[in-house]
Amino acid sequence: MSVATVDIAQKARSARSGRSRLLALAAALLMLIVLGCGIGSSFMPPGRVIAALAGHGAGTDGIILWTLRLPRVGLAVAGGVALALSGAILQRVARNPLAAPSILGITDGAAVGVVGFLWLFSNETNSLTVSIHWQPLAAMLGAAGFAAITGALTLSDPRRGPLGMILYGVAMAALAKAMVTLLMIMGPIYRAGQALTWLSGSVGAAHWSDVAILAAIILCCLPLLILAAPVLAQLRLDAESARSTGLSLGAAQIGLVLLSVLLTASAVAFVGAIGFVGLIAPHAARRIIGDGSALWLPATALIGAGLVLAADITARVVAPPLELPAGAVTAAVGAPLFLLLLVRERAVHD
Amino acid sequence: MTEPLFSLQKARAGYGRLPVFDGLDLDLPAGKVIALCGPNGSGKSTVLRALRKLLPVVEGRILLDQRELAAWPDKELARRLAMLSQSPEAPPEMSVAELAMLGRFAHRKPLAGPSQNDRDACARALSAAGLSHLAQVPLGSLSGGQRQRAWIAMVLAQESGTILLDEPTNHLDIAHAFEVLELVRHLNRAEGRSIVVVLHDLNLVTRYADHVVMFDAGRVAAQGSVAEVLTEQRLADVYGINVCILRPDELDYPVIVPLHTHARRSDRPE
């Protein structure tokens, strides 16, 4: 067999195994969706869930499913997809596996936006003076503001390079957290409770309208992501080599960071400050499929959806009837992983 | 007279506030292997980066094919000009073939996979770099010489008429260094590509360069043929060492042998 045929055979084999792994991830997500629909104050076994989804089940099953559980599952899936893709983009732009929306202050920036919004627009009777539908916009403004400051600091310090982005991001995230705490103490008590639930990240109060808006934003970002795929591939090279091959690096970085901010902010606006999904999902996808292939982004999206869904299911079952915020679960898994990656980075640099 | 490939006119560039060169005038001829040399910090690598528009010229201008560098769109420039920088980086799990395909960025059509053209160009680049048999091997498991050739394959896949190389023989043993420069000369002689290469090893310069530019402290100390530029007096002036230049009968290029340091510089106050 000639060298060329071996190459083609190897390529075909690795492409096939990549596709079958992606299918396995999709199947796992489907199972989680059925499980997520079944678990709640009244347990529904998978058979009944599937029957109700197909429209054959008992009437009450259908009502519980379609009005309560599916919006929640849908929001977890959409939020997970958006956060994971956002993290994947940031990791490429920063050329650093540690870059993630929650590390770079984008998630906490969104939190400042939301808490500031609740504080500014509440009256003495603790009700909002404007529609709650403005809350996502406030989250986006906060996220964009903090991302812009982190970005400006990084650009002003080119010698530190991508690492500077992480350092400034961590500092900006700490600043945002402090601002949130201050705003909560100074703000009205009732709003503080509402803000707290939102801050720790929860999909418990999901409505179909939330799912629809978030899904629409993700769908709008998809063509941009497909257009950006070759740019993301080129960003695996160091900055100079990428530019020498013809990449307009500055424009690419700004565009991709904006896309990432849009995805994070819209996810966070609806599911709350669920952290570390953007860190874990791209990393897991890299381990399972590798980040060289075109399947990396789809795999990242599937894993992100599965992560938030699994976190929400876990949060519902650990201490019933209490429901933990899903964000607490992702943080409990994600923070140790972040530390592990940091230690490994250090080992590489030593 | 033929048009120069590059033309620097009163160019100034550097890092931060300190310019590495200022008011630099220099024409580089087309179709040759041009070596940029000079002591550490003399500005040769900075000039190369400015030629590739990786470093902006803050004053003056640089022309490529009589057209100001700043006016070239990024992709068009990449089809005209490829560059291998001093320490390029890619993930160790990336395969040689994947790396070569990244060199096709400026040629690829949006929203489409690699075309037959792209695949052919990569195959030619890998074969020229002698890496066809290692196409699917990850970069992390290559030797230093092989990895350098993999990067050269990426640069070749870019199919640009001019190639800039920043110390391509760095970290390579003598055999691999010669192998790389033999390839560079072949690209010039057989394919007519212009080459601009930063080289530290003057014995590689004498052997492979058609045209030499000697930098000293951000200015051009001399340029021309090897015989014109690399004289004992000039090396004493620029590097501060005494050298002996041998011209063995069996070689068609001179050999430079350093003798001892602390040479007297003729035209420069201490």
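Reader: How many helices and strands are there in chain B, and what makes a stretch count as one or the other?

Author: Chain B has nine helices and 12 strands, where a helix is a DSSP run of H or I with at least four residues and a strand is a run of E with at least two, numbered from the N terminus. This is a predicted model, in which local features need pLDDT of at least 70 and side-chain atom pairs count only at pLDDT 80 or more, while totals for chains, interfaces and linings use all residues. Residues are numbered from 1 along each chain as its sequence is written, and chains are lettered from A and ligands numbered from 1 in the order in which they are written.

Reader: What makes β1 and β2 of chain B a pair?

Author: Two strands pair if DSSP finds at least two bridges between them; strand β1(B) (residues 6–15) and strand β2(B) (residues 18–28) are joined by seven bridges and run antiparallel, so they meet the rule. In one of these strands, β2(B), B:Asp27 is the bridge partner of B:Ser7. The two strands form a hairpin with two residues between them, and B:Gly16 in the turn has a positive phi of about 65°.

Reader: What share of the residues of chain B counts as buried?

Author: Of the 270 residues, 42% count as buried, a word used if 20 or more other C-beta atoms, placed from the backbone, lie within 10 Å of a residue's own.

Reader: Which domains is chain B divided into, and where do the bounds come from?

Author: Domain 1 covers 6–91 + 157–230 and domain 2 covers 232–270, with bounds from an automatic or database domain assignment. Their centres, taken over C-alpha atoms, are separated by 23 Å. The contact between them takes 12 residues from domain 1 of chain B and eight residues from domain 2 of chain B, two residues being in contact if their C-beta atoms, placed from the backbone, lie within 7 Å. On the side of domain 1 that touches domain 2, α7(B) gives the most, with four residues.

Reader: How many residues of each chain take part in the contact between chains A and B?

Author: Chain A gives 21 residues and chain B gives 27 residues. On the side of chain A that touches chain B, the largest share, five residues, comes from α8(A).

Key. A residue is buried if 20 or more other C-beta atoms lie within 10 Å of its own, exposed if 12 or fewer, and partly exposed in between; C-beta atoms are placed from the backbone.
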